[in-house]
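The following note is meant for a colleague who is new to this structure. Please read it with the model open.

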Amino acid sequence: MAQILTIDSSTGRALGRAVEALARGEPIGLPTETVYGLAADATNAEAITRIYETKDRPRFNPLISHMSGLDMARRHAVFNPLAERLANAFWPGALTLVLPLAPDSDIHALATAGLPSVAVRVPTGFAADVIAAFGKPLAAPSANRSGRISPTTAQHVADDIGDRIGLILDAGPCAVGVESTIVEVTDSGLRLLRPGGVTAEAIEAETGLRLSRQHSDPGQPLVAPGMMASHYAPAAQVRLDAERVWPGEVALTFAARPMAGLEDARLVLDLSPAGDLREAAANLFDYLKRADSSGAEIIAVASIPGAGLGEAINDRLRRAAAPRPATHAR
Ligand code: TXA
Ligand code: MG
């Protein structure tokens, strides 16, 4: 079983242990502000392969390469003025930029899936410290088995893949709770590949540009590799825009809004009684896991506003509700 090291009480020791494991090519459970990542040396083929094995990911999708700061990112990706502007406005933070791969970058082709582009992000806090101490970018998808809900606590990571890795660093619950926003930056503009922790509205306000939204909706063709319609799948079925809950179901509500049948629900979880989308995003994956743990077969989810962070929340909920391969069934 993985050792869980709490970083607030022993930051120096945790940092040292993390760097040792990364230098051996081992993936570690690393807290970021969005979700917990399964992080490994982005320049090391063996280490990247171990990420895929640990996740049971059936094929190689490009991974996000996490940087300690803009200086490191510039060594691996080509920044045009628009990319510079976004990096300055939103880094460190929950924004991933897809940019041309720099000619002399040593990020391994397994991390970019051989594409001429690379996805880069600078996380906040402890994750950035680990990358700076290690001195090389870290490839890190979410630290869950493929198709499962992303982890927002160290315990989630331990429950899902704790028997497959040696070390999980624990920085408490993730502040954002949904993955980063992925934006492709080209000379002709910006394309939203995945809604996430930085809102489209904030990016549009910063740049004065409209984001084209070409991420895949469930049932539509894939744009970003790895943006599978069925993803973030709980064991239970998810029913969206529910106006009532039936006996035995879990109700996932929002803003203390009433839903018919609540008194007979197995469990009622309000993503944010105050109606705060930030709080709802931070609670989303944990509440889906709790709903699953209750043994319910159906999770009835109230409609959630679609603006701001609601775009990412609704995207993840649609994926959780999408038809999925039989292997994910309870
Ligand atoms: O918040 C996050 O982004 C988390 C934390 C750990 O940082 N990481 C994460 O990584 O969600 P992952 O591997 O689950 O998502 C990476 C996404 C995939 O959908 C992949 O297709 C897309 O990024 N991606 C990576 N490189 C790309 C590229 N060159 N072009 C287009 N999409 C790319
Ligand atoms: Mg993931």
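1. The model is predicted; local features need pLDDT of at least 70, side-chain atom pairs count only at pLDDT 80 or more, and totals for chains, interfaces and linings use all residues. Residues are numbered from 1 along each chain as its sequence is written, while chains are lettered from A and ligands numbered from 1 in the order in which they are written.

2. Helix α4 (residues 81-90) and helix α8 (residues 200-207) have axes that come within 10 Å and cross at roughly 120 degrees. Because of this angle α4 is oblique to α8 (angles under 35 degrees count as roughly parallel, over 145 as roughly antiparallel, 65 to 115 as roughly perpendicular and the rest as oblique). The crossing of the two helices is right-handed.

3. From α4, Leu82, Arg85, Leu86 and Ala89 meet Ile203, Glu206 and Thr207 of α8; contact requires C-beta atoms, placed from the backbone, within 7 Å. Four residues of this contact are nonpolar, one is polar and two are charged.

4. An unreviewed UniProt entry places the feature "binding site" at Arg57, Asn61, Ser150, Arg194 and Tyr232. Such annotations may be inferred rather than shown by experiment.

5. Ser150 belongs to the loop between β7 (138-139) and α7 (154-161). Ser150 counts as buried because it has 26 C-beta neighbours inside 10 Å (buried: 20 or more other C-beta atoms within 10 Å; exposed: 12 or fewer; partly exposed: in between).

6. Arg194 is part of strand β10 (residues 189-194). With 22 C-beta neighbours inside 10 Å, Arg194 also counts as buried.

Note on methods:
Axes fitted to C-alpha atoms, helices over the stretch in contact; angles between N-to-C directions. Helix = DSSP H or I, 4+ residues; strand = E, 2+ residues; numbered from the N terminus. Left-handed = near helix turned anticlockwise from the far one by under 90°. Contact = placed C-beta atoms within 7 Å. Nonpolar A, V, L, I, M, F, W, Y, C, P; charged D, E, K, R; others polar.
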